[in-house]
Structure formats: structure tokens, C-alpha cells
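Let us read this structure together, one feature at a time.

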Amino acid sequence: MDFNGSGGGNELHNNQFYPSEESKPLLGEMSAQQLPPPEGNNNHKAGPCSKRSLLHSSSGMRYKLLQEGDIQVCVVKHPRTFLSKLLTSKFLRRWEPHHLTLTDSSLMSATPTGYMEAPLSYSTIEDLQLLSWDNAPKYCVQLSFPGGTVLLQAANSYLRDQWFHSIQWKKKIYKYRKVLNNPSRWDVVLKEIRALVDMALTSPLQDESIHQAPLHIISTLLAENTNLSAQDHENIIVAIAPLLENNHPPPDLCEFFCKHCRERPRSMVVIEVFTPVVQRILKHNMDFGKCPRLRLFTQEYILALNELNAGMEVVKKFIHSMHGPTGQCPHPRVLPNLVAVCLAAIYSCYEEFINSRDNSPSLKEIRNGCQQQSERKPPMPLRLLRPEPPTPPQTTTLEILVELERNNNTTNTLRKAPAEGDSEPNLIDCLLVSPALNALSIQLPAHADRVLGCFALILKMLSDYDDWRPALASLLQPIPFPKESVFCFVFCNRELKYVIQRFAEDPRQEVHSCLLSVRSGKDGWFQLYSPGGVACDDDGELFASMVHILMGSCYKTKKFLLSLAENKLGPCMLLALRGNQTMVEILCLMLEYNIIENKDTQLQIISTLESTQVGLRMYEQLCDRQRELKELQRKGGPTRLTLPSKSTDADLARLLSSGSFGNLENLSLAFTNVTSACAEQLIKLPSLKQLNLWSTQFGDAGLRLLSEHLACLQVLNLCETPVTDAGLLSLSSMKSLCSLNMNSTKLTADTYEDLKVRT
């Protein structure tokens with residue numbers, strides 16, 4: 001058996017590849033599938049030492065890559081002619097315990113003494129093999145170097161094989177790193193890259209760094225050689241494609257992919273190689289903040305799809321493939337990642353809009369009346385006009401008209417700096433009502449307009465999936481777009497308006513509730529699209545739709561009406577004056593629930609209602625109900641009432657409408673079939689103090705209504721009802737309630753403790 005090293009002492013000169021140990025192509029190393037079958041013992045001449053299969057393809061064992069560990073070391077220095085005799089000897093030199101570390105370039109000990117006084121460089125290791133013969137020490141790995149041998153003895157066969165494969169991996173990666181450091185012949189480099197990828201895919205080591213190390217080597221190679229041709233780029237991308245199937249590309253490689261998407265968007269590499277990579281990113285990425293270049297690569301990939309002949313149709317098919325053919329997307333991370341990519345791209349358009357001073361002045365400049373540097377004129381106030389109709393597809397810019405008023409008196413007042421710091425003013429501050437004489441065209445840069453249109457359409461696509469809509473509404477609820485810019489107006493009146501309309505039409509509470517602001521003092525979509533809001537361009541039609549869906553849900557409460565009365569009473573009256581039935585109903589409810597205390601405001605609301613036929617009709621119905629209620633209270637009636645079992649909501653309504661129950665204090669609906677709908681009848685009993693709903697279908701919606709209208713209620717029995725924590729928490733506002741039975745309900749311990757604190 002020949003134990004000579006596989007490489008000579010040649011070195012790399014003049015940037016040329018020579019067949020040395022450090023620089024020779026590594027394509028000769030065969031994978032597990034390419035290894036020849038072992039010969040039989042009758043044809044193999046036994047020697048003092050024999051090599052085992054390097055990849056253990058038959059056993060299929062997998063090992064964790066070792067970075068450090070404890071092992072016994074023995075070093076035998078000898079001429080090569082005496083190697084066999086020394087290794088077959090029963091008596092070897094003494095063994096030393098060492099804690100070895102596998103660095104990127106050498107094998108070194110934590111205690112550099114004895115055999116491991118100096119690190120053992122991977123470049124000096126000529127041969128690496130396992131020892132297996134009768135007289136050899138157990139569980140040994142042999143490292144041959146010029147003039148000697150290093151033996152590493154492990155505690156068992158698994159650790160020995162783990163050390164063997166780990167050292168072998170480190171040695172090969174070290175070779176590839178040197179070979180690909182200063183390349184000159186790119187045809188040879190491409191072969192080496194393919195061999196490197198094949199080595200990583202066939203390695204028995206199972207570790208994240210096994211696939212990441214080759215990607216980092218190739219990433220460094222591309223970063224240091226920026227003059228490659230487009231064909232070389234594509235060849236390298238195709239070569240490393242197998243490694244990207246189960247691994248995210250490193251940041252530098254993402255930057256290279258982004259450049260390829262921008263420069264060659266129609267390349268087949270984008271579809272065939274980048275598509276599975278982006279799909280993996282969207283399915284498995286947990287935080288773009290840790291690697292923002294992954295998000296940028298995904299963004300550039302989508303823009304590259306948009307450059308194809310089919311354009312947005314290709315993007316639409318890609319979005320559909322990410323969702324899947326079923327009604328429920330099986331990958332929970334896809335939607336948040338897509339939204340993050342869209343919002344980041346849209347915000348980049350805003351930054352480009354602000355930074356493009358030649359075409360688009362900032363609001364601060366607009367407010368101060370600054371013009372382009374080439375033309376200095378007296379400052380002029382501005383106001384936003386309604387946008388032009390959508391531009392044709394071939395147009396590369398989107399224009400917004402801003403009126404300029406030439407009024408010296410107003411100009412002088414606008415020369416003053418803002419009172420609160422140097423922050424840019426709100427867009428509402430720029431909406432003036434005085435006549436205009438000239439118009440200034442504010443344009444988005446061509447690239448920003450293209451990006452904005454693409455990702456706004458993606459948000460529109462996402463809103464069309466029913467299972468994605470609740471999460472999408474939640475993600476978009478805290479408005480992420482800066483309202484200090486006209487840009488917000490541009491974006492909100494493109495495809496996003498369709499998205500908000502879908503939220504407003506969705507009957508699910510978790511969807512349409514996201515139209516409201518996420519916290520007090522911060523505008524939500526409800527405020528943004530209201531008449532006078534920065535995005536309203538439809539005379540309040542979308543705003544009316546939002547109010548309609550919110551009033552039809554659990555938000556039909558005094559609190560919601562009170563917020564409308566405080567902040568949006570003017571728009572509500574304006575829309576009611578135009579005959580909007582939802583707004584007419586809102587004004588009637590405000591009067592019925594005594595939301596408006598100011599008498600003059602009440603008279604204005606009544607005048608508004610009487611101005612239209614629908615308003616007059618609903619106001620007359622309100623007056624009739626009020627007269628009936630006063631008559632009911634005047635006549636009095638029974639104080640206790642029990643409905644028969646199996647009674648329904650309709651039965652209760654007929655009973656209460658048949659006589660006077662103004663004095664009713666105790667009502668038992670136990671074991672009936674009433675639901676939350678009967679709450680509309682119960683709130684007409686102002687004297688009710690005790691209510692028994694045991695074993696009924698009365699739920700959360702009814703509890704919310706009772707909590708707002710039955711201020712005198714003292715005893716409430718909800719035993720065996722379908723009420724939940726959400727409805728029970730609303731009872732905390734009933735200060736007169738002193739007895740509450742919640743046995744056999746879905747009450748949780750946390751809500752119980754919360755109720756105890758609040759009541």
C-alpha cells in the first residue's frame with residue numbers, strides 16, 4: 001500500500017493554476033455515488049493499513065461538524081520508507097491528551113505543548129485516513145505530513161468518524177478558499193465551484209455551516225471580481241442553485257442576486273433559479289430585520305417578474321403559488337413576509353420622492369413657498385387638488401396638481417418658520433381654500449412610480465384572499481406611511497383604496513375593526529378616508545361604507561357614536577344632507593341615545609334630517625318610539641314577568657308590544673330559546689332590575705347592548721349561556737350590578753380576576 005501524499009510541493013505562481021496540493025482542481029474527488037465498489041478479500045492484497053470508505057454511503061450516518069474537542073494525540077516522526085514498520089509496531093510512543101480546535105486554516109491545541117506545540121496547518125496534511133488493522137490502536141485517525149504521522153485516538157468509533165469527516169471538511173474548504181482566492185481562468189473556476197457544491201451536497205456532515213461555507217466563498221469571489229460577464233454570472237448562479245434549495249443566500253450573495261435582477265430581469269435564471277429561493281424565503285423567514293438584504297432581493301425579484309411580457313399577470317401567478325390552491329394558505333409566514341416586502345418597497349418610494357428635489361419639493365419647502373433653485377420667486381401657499389385621471393400604462397410619471405396662490409399678504413405670513421421645531425407640516429395644513437391662479441406639477445420619479453404601482457397591486461391581490469384578509473387588516477392597521485408628504489395621498493388613492501374597501505365589506509369583526517385607529521390620538525383608515533381626511537376623494541362614499549359595517553357589528557354602541565359626534569359630526573351631517581341612509585340612521589341614534597347635549601346642535605341635526613325624505617321618515621319613527629316609551633312609563637304595568645319555556649325572540653317582542661311594562665323590575669327568560677336579538681326589546685324596560693337568562697342562547701352582542709342601556713340592572717343570571725370573556729368584560733361598566741351568576745360559561749380565570757378588580 002502506497003502512503004505517499006497526493007500532491008507535490010508546487011505552488012501557485014503568476015496567477016496560473018498548477019497541479020499542486022493547494023491549487024489543483026478538486027474534481028477528482030468522487031462522491032459517495034461515484035465511489036467504486038470494494039474489491040473482495042480474495043483479490044485484495046492485505047497490507048499493514050487500509051483505507052475505509054470516506055463517505056460511509058452504505059451506513060448513511062450523519063455527523064455534527066466538530067469545532068473543538070478532547071482527543072489523544074501521538075506524533076511519529078519517520079522517513080517514509082519506515083512508515084509501515086512503525087505503524088505495525090505494537091509499541092508506539094506515549095499518548096498526550098489535548099483539547100484540539102479546528103480553525104479555518106489549522107489544527108491547534110488549547111495547550112500548545114508537546115506534540116501540538118505548533119499548529120498543524122491543513123496545507124501540510126498530505127493524507128487523511130482511518131486505521132483498521134489487528135495491531136493498530138483502536139479508534140484512530142491518521143494524518144500524514146512530510147516527515148511524520150499524527151495519530152488521533154477517540155473514545156469510540158462514532159467520535160473517530162466525526163473527527164475524520166470534520167478534519168477532512170476543514171481541509172477541503174481551506175483548499176477551495178485558496179484556489180478561488182485569485183482566479184484567472186474562469187472556466188477552471190466554474191468547474192471548481194461545481195465540485196465545491198457537489199462536495200457540500202454529498203458530505204455526511206449535517207450542519208448549517210456545511211452549505212453556508214461554500215456560499216460565503218462564492219460570495220467573496222463575486223464581490224472581488226466585479227468585471228465578470230453576464231454569462232459568467234448566470235453560470236455561477238446555476239452552479240450554486242442546488243445549495244440554495246434549502247438555505248437562505250448570505251447578504252453579499254443577495255446583493256449580487258439583486259444586481260442580476262435589475263440588470264437582466266428577463267433572464268431565465270430569474271424564473272428557474274431565483275423562484276424557489278424566493279419561495280423559501282417567504283415561507284421560512286422569521287425576521288427581515290436580521291437580514292434586510294433578503295427582503296431587498298425578494299423585492300427586486302418581484303420587480304423583475306413585472307418586467308416580463310405578461311407583467312403583473314406573472315406576479316399574480318406567483319402570489320397565487322405562494323398561497324396555494326386551497327382556501328387556506330398552509331404557510332403562516334408567507335403573508336407577513338409579503339406585506340413586509342411591499343411596505344418596505346413603498347416606503348423606499350417615499351424616500352426617493354423626498355430626495356428627488358429637482359422634481360418634487362418637500363412639504364416644508366412647499367409650505368415656505370420655495371421654488372427650484374433656477375427660479376427664485378416670492379413664496380406662495382399651496383393647496384392639493386383632486387388628482388388627474390389614471391395615466392396610461394406607457395406614462396412613466398404620476399402627476400399631482402398643487403395650486404399656487406399669488407397673494408402678497410398670505411405670502412408674508414408663510415415666510416415665518418413653523419412654531420414647533422423644524423418638522424415638516426401636516427398635509428392638512430397645506431389645504432387652502434382661496435382662489436388659485438397657477439399650478440405646480442409634482443411628479444414621482446419613473447422608478448418610484450413603477451415600484452409603487454407594482455407593490456400597491458400586490459396588496460390589492462392579497463386582500464382578495466379570504467383567509468389572508470384578517471391578518472392583512474391587522475398588519476395594515478397601524479398606518480406605516482408618513483402623512484407629512486403628498487406621497488401619502490398618491491398611495492392611498494391608488495390600489496390601496498380597493499384594499500380598504502374590501503376590509504369595509506368584510507362581515508368579520510376582526511377585519512372591519514381594523515379600520516379604526518390602533519390607539520387613541522393616532523389616525524386610522526377610518527379617519528384617513530373620512531371627508532376632510534388626507535385620502536378622501538370620493539365625497540365620503542368609502543367613509544359611509546365603513547360606518548355602515550361598524551354600526552352593523554358590535555360597534556353599535558354609545559362609545560362609537562360619541563366618537564363620531566366629537567370628531568366626525570360635520571361629515572355625518574353633510575352626508576345625511578345628501579341622502580345617505582347610514583348617516584341618517586347615525587344622526588337618529590345620536591338623538592335617541594342623547595349623545596348630543598348642546599341644544600343648538602340638536603336643532604341642526606333635526607333640520608338636517610328634515611331636509612331629505614329618508615331623514616324625515618326616520619326622524620318621525622324616532623319621535624313615535626319616544627312617545628311610546630313615555631306612554632309606557634306613564635301607564636306603568638306588572639313588576640314581575642316569567643316567559644314560558646321554548647319562547648323565542650319573536651314571542652318576547654309580541655308580549656312587550658301588547659301592553660305597558662314600564663314598571664317591570666323582574667324578568668325571567670330561563671330555559672327559553674331567546675338569543676342576543678331580544679336585547680333590542682330588553683333595553684326598552686328602563687326599570688328592569690333582575691334578569692334571568694339561565695340556559696338560553698343569549699350571547700356577547702346582547703350583553704354589550706344591556707351594559708349600555710340597563711343602568712338599573714342589579715341581578716343577572718347567565719348560567720349555561722354561550723357568553724365569552726369579550727362580552728363579560730363589558731359588564732364592568734354596570735356599576736349597579738351586585739349579583740352575577742356565570743356558572744357553566746366560558747369564563748376564564750384572568751377575566752374573572754379582571755371583573756373582580758373593575759367592579
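Q: Is Glu245 buried or exposed, and where does the cut-off lie?
A: Buried means under 20% relative accessible area, exposed over 50%, and partly exposed in between (1.4 Å probe, protein chains only). Glu245 has 53% relative accessibility, so it counts as exposed. This is a predicted model, where local features need pLDDT of at least 70, side-chain atom pairs count only at pLDDT 80 or more, and totals for chains, interfaces and linings use all residues. Residues are numbered from 1 along each chain as its sequence is written, and side-chain values use heavy atoms, with hydrogens and water left out.

Q: Where is Glu245 placed?
A: Helices here are DSSP runs (H or I, at least four residues), numbered from the N terminus. Glu245 sits in the loop between α5 (230-244) and α6. Its C-alpha atom is 7.6 Å from that of Arg280, although the two are 35 residues apart along the chain.

Q: Is Ser267 buried or exposed, then?
A: Ser267 has a relative accessible area of 8%, so it is buried. This residue also belongs to a loop, the one between α6 (251-263) and α7 (268-284).

Q: Which residues is Ser267 in contact with?
A: Contact means heavy atoms within 4.5 Å. Leaving aside neighbours within four places in sequence, Ser267 touches Glu234 and His260.

Q: How do I read the length of helix α8?
A: The expected span of a helix is 1.5 Å times one less than its number of residues. Helix α8 (residues 292-306) has 15 residues and reaches 21 Å from its first C-alpha to its last, close to the 21 Å expected.

Q: Why is α8 described as largely enclosed?
A: Of its 15 residues, 11 are buried, so the rest of the structure largely encloses α8. Among them are Leu294, Phe297 and Tyr301.

Q: Which residues have the most contacts inside the largest nonpolar core?
A: A nonpolar core is a set of buried Ala, Val, Leu, Ile, Met, Phe, Trp, Tyr and Cys residues joined through side-chain atoms within 4.5 Å. The largest one has 135 residues, and those with the most contacts inside it are Ile193, Phe274, Phe297, Ile319, Phe455 and Leu462. Helix α10 (residues 334-355) gives the most to this core, with 10 residues. A second, separate core has 32 residues, including Leu682 and Leu718.

Q: What do the buried residues of α21 pack against?
A: They pack against α19 (541-551), α20 (558-567), α22 (581-592) and α23 (599-609). The buried residues of α21 (residues 569-577) include Leu569, Cys572 and Met573.

Definitions and conventions:
Helices (H or I, at least four residues) and strands (E, at least two) are DSSP runs, numbered from the N terminus.
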